[in-house]
Amino acid sequence: MPKQVKQVDRVIIRFAGDSGDGMQLTGDRFTQESAAFGNDLVTLPNFPAEIRAPQGTLPGVSSFQVHFADHDILTAGDAPDVLVAMNPAALKANLSDLPTGAAIIVDTHDFSDRNLTKAGYTANPLASLGDANDQLGDFQVFPVDLTGMTVEAVKEFGLSRKDAARAKNMFALGLLSWMYGRPTETTIDFLARRFAKVEDIRDANITAFKAGWNFGETTETFMVQYEVKPAPMAPGVYRNISGNLALAYGLVAGAVQSGLDIVLGTYPITPASDILHELSKHKSFGVTTFQAEDEIAGIGAAIGASFSGKLGITSTSGPGIALKSEAIGLAVMTELPLVVVDVQRGGPSTGLPTKTEQADLLQAMFGRNGEAPVPIVAPQSPGDCFDAAVEAIRIAVTYRTPVMLLSDGYLANGSEPWRIPEVDDLPRIDPAFATTTNHVVRTNDDGTEETEFWPYLRDEETLARPWAIPGTPGLEHRIGGLEKGDGHGNISYDPANHDLMVRTRQAKVDRIAESLPPLEVDDPSGAAKVLVVGWGSTYGPIGAGVRRVRKAGFNVAQVHLRHLNPFPKDLGDILGRYDKVLVPEMNLGQLALLLRGKYLVDAIGYNHVRGLPLKAAELAEAIGHLVAEAEGIEVDLTTPTPEGAQA
Amino acid sequence: MSTDLGLPVTRSGVEGVPTYDGPPQTGKDFTSDQEVRWCPGCGDYAVLKAVQSFLPQLGLRRENIVFVSGIGCSSRFPYYLDTYGMHSIHGRAPSIATGIATAREDLSVWVVTGDGDALSIGGNHLIHALRRNVNMTILLFNNRIYGLTKGQYSPTSETGKVTKSTPMGSVDHPFNPVSLALGAEASFVARTIDSDRKHLTAVLSAAAAHRGTSLVEIYQNCPIFNDGAFDAIKGNDTKADAIIPLEHGQPIRFGAPDSSGLGQKGLVRDSETGGVKVALVADVGEDAIIVHDVYNPDPTLAFAISRLTDSGYLDQSPIGIFRQVERPTYDDQARAQVTTAREAVSGTPAERLAALIGGGDTWTVM
Ligand code: SF4
């Protein structure tokens, strides 16, 4: 019977299985295939903090969601159209996220009494399909013995049953690749490379992958193939990239553009460790990675390296920032360049190590003793982590200051197609090391001058102090955590001097705003009364929510902040132009607090801390309510265009 | 006590640091214009003077010397030296110095710390610096008290010490810094005394020459909060019995001299405990006396000797270099990896950056 091909403009698939089932790899491969095909896409990996939680249980479920489309999309999607569930626990854990009508492809192999019990099922939900009491009646369910077919397909390689069954994720990938017409070469090449050293495993995986594809083609279970056309994108060379990888590349790029070698002092922590892993591969760029004994030693070494004329970087997550606070204060006082990367995760305390959150903004802003201003830069998407890292380095080096680079768990592990930038287009960063004395002590009778070096004499434009590195003769000087005398930099307990220095350090950070481009306000009609302000990884959900509102025929404006400290100069004016300001955040209102404090604006919070990105549909409803209030109209987002739901 | 330690070194701790070849320098050239602010009579003065007059002997360019300190009385040290310096935060100097030493082979890196700074709040950084063997010299000023915070007991204070924070006596058991360092895999461990300029200078010289982390414990008197803590080893009548002198290649003997002019007492192996004990040479015979060997690859004997330090009031303490062995340094190896990686690639950094970010599975949109 010929198969039918259906055109769709976008699909959200969630692969779910046990932590040991290789779901992250499966999702990643499907993503690479979709990227190579030319779809726009956004991914959302979701995995437990435990490396191997008890097999078959709900806490052990790991999933990977990929949203791909024939048009530009912004989020990994609120709800999956298709769930691939490799065991009872994966089915149970993900069911509540599925909309009515969603497809479920489920591996029947593990639906034994034992596994059902482990997942908390009292009865096999697959046994009652089509019955009056069918728990899965709202969905289209495709029960398939994926494991059984995999084992059968790879029989010839003589693997143990366990090893043979492990290839089931590739069988599933093959099936889904058939269903959505994905190109297969990249996955076959990938498997050949990945398992190059273990021939039988390599062959079994490739065979399982192909068998899954062939199963799709021949079975009568699946009669429809879907086609999602490539998305139009700006010309250029693209690759798919995750936030942590883009961030690491951005740091290397900043090092190249400044001519400085990187010294990364760090301590492993989820979800930031990949930055250490990646940078440790790039020693050929002059990158030294120091895995320290603790978070404090990591930043200590980075500060020492910066004092020596290198680019000191430290990378961590929220708990690590808490430990580094005193050292960040030292970098503020000594006015040394330093990049502090915080890949935020759910808190407080150990919190949700593998889940995302934006609740470190106030810690980044204020989490130190004394008046210790630190510039804050936040990327808005996985690919944007590259540019944000370069920008953090520009500010750190130019203004001789620690800079907080606030990524988060969603950006870190999520991925998207990224247009690879031209190196020539990246900013040049000048370390401008001091080489000569800068202060005249006295002028002799013969007109000659006696000079010395003052480490706290500032550049008039940036208020940055000179960066004089050891090995430079005549510029020997001592710096430290005690208050500095203005200019000469010797210890000073003078009250007026302290007041001046506190204000000067703040003024220097404020001065950064002079170097920032004007904000881009997205207000196509120019008639919006509601402005949505966001920062960081909420860019995608906010953009998608705003699109829904606009597609339903309503006006709303959006502005997204890359710089949280200092704020861009035009932010106050922009906020003042709108009747209502909505601030969606994955925290309890931290940016909203800052905006209220600084601009006396009645910023309204939209806050979720579920460890997951905001959902665009829910956010759109919230924006709609506000539009209704601001404009005194009825807002119904279900009208007028059905594409309204397609952001 | 001999000051010529006469120890051969295959690769010097200052190799790679540019040498000074101008007119002769003196301590003055290494003295900053800052007024020294320790209490009158503080042992820190003597150490500062000794270091200032020792630095010219190193023969290095002043701008290539860096002193890093933490917090405490002694940590003001860098301000008084006309070199590069950083007075950092409490306990963290070894980590900052690790960054400096790793970043730059051409710098001679020194850490100045105290018993509270190094052994209490910064204990973790100290042991890991020693374990890694980063090329730097750590001067640990041990006055067995907290000075800057005005007189609380420290991690080297004797049990029972009555201080502001322990009116009924401290119930903490103290650290022995030398034992701790040996346990932390240190490659160079020495102990000296603030008031013995000659010995102090000789130890500094050996420490600087050692490639790796050199830990030098300096007994330093705090006349304000712990005066007299080291009287036994400083007093002319008592020091012969209090100091157990460690000199490489020499039998370890001390106490009033016998007819041969050497000390009546000596260190011998203790078969009962497996450690080391003090015996009268007359009783055990000269051959039984341990001959000190700083190069012994096994630190066990050095550790046993370090245990002869009194943990209560200091009536007896081994002084000198306990251990000096060669082992690859962290920073040399870290730099070597970067160099190897750099030599394996060609092209400008910009070209290589373009190749890096343009790697992986890519596709082109026209
Ligand atoms: S308190 Fe003690 S250690 Fe500190 S400066 Fe005074 S005498 Fe020296």
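**Across the chains**

Guide: Y238(A) sits opposite W363(B), which belongs to strand 12 of chain B. Keep in mind that this is a predicted model.

Visitor: OK, how many bridges join strand 9 of chain A to strand 12 of chain B?
Guide: Four, and the two strands run antiparallel. Strand 9 of chain A covers residues 236–242.

Visitor: And what's the strand order in that sheet?
Guide: The order is 16(A)-9(A)-12(B), an open sheet of three strands with antiparallel pairing. Its edge strands are strand 16 (415–419) of chain A and strand 12 (362–365) of chain B, each pairing on one side only. On average, neighbouring strands are turned by 35 degrees against each other, direction ignored.

Visitor: Which helix packs on the sheet?
Guide: Helix 1 of chain A, residues 23–37. That helix touches strand 9 and strand 16 of chain A as well as strand 12 of chain B, and its direction makes about 165 degrees with that of strand 9 of chain A.

Visitor: Switching topic: what's around the ligand?
Guide: Chain B residues: W38(B), C39(B), C42(B), C73(B), N143(B), G147(B), Q220(B), C222(B), P223(B), I224(B) and F225(B).

Visitor: How many of that shell are polar, nonpolar or charged?
Guide: Eight are nonpolar, three are polar and none is charged.

Visitor: Last one, what are the domains of chain A?
Guide: The assignment gives domain 1 (4–227), domain 2 (238–425), domain 3 (436–460 + 469–514) and domain 4 (530–631). Taken over C-alpha atoms, the centres of domain 1 and domain 3 of chain A are 63 Å apart.

Terms used. Residues are numbered from 1 along each chain as its sequence is written. Chains are lettered from A and ligands numbered from 1 in the order in which they are written. This is a predicted model: local features need pLDDT of at least 70, side-chain atom pairs count only at pLDDT 80 or more; totals for chains, interfaces and linings use all residues. Side-chain values use heavy atoms; hydrogens and water are left out. Domain bounds come from an automatic or database domain assignment. Two strands pair if DSSP finds at least two bridges between them. Axes are lines fitted to C-alpha atoms, for helices over the stretch in contact, and angles run from 0 to 180 degrees between N-to-C directions. Contact means heavy atoms within 4.5 Å. A residue is near a molecule or strand if one of its heavy atoms lies within 4 Å of it. Ala, Val, Leu, Ile, Met, Phe, Trp, Tyr, Cys and Pro count as nonpolar, Asp, Glu, Lys and Arg as charged, and the others, Gly among them, as polar.
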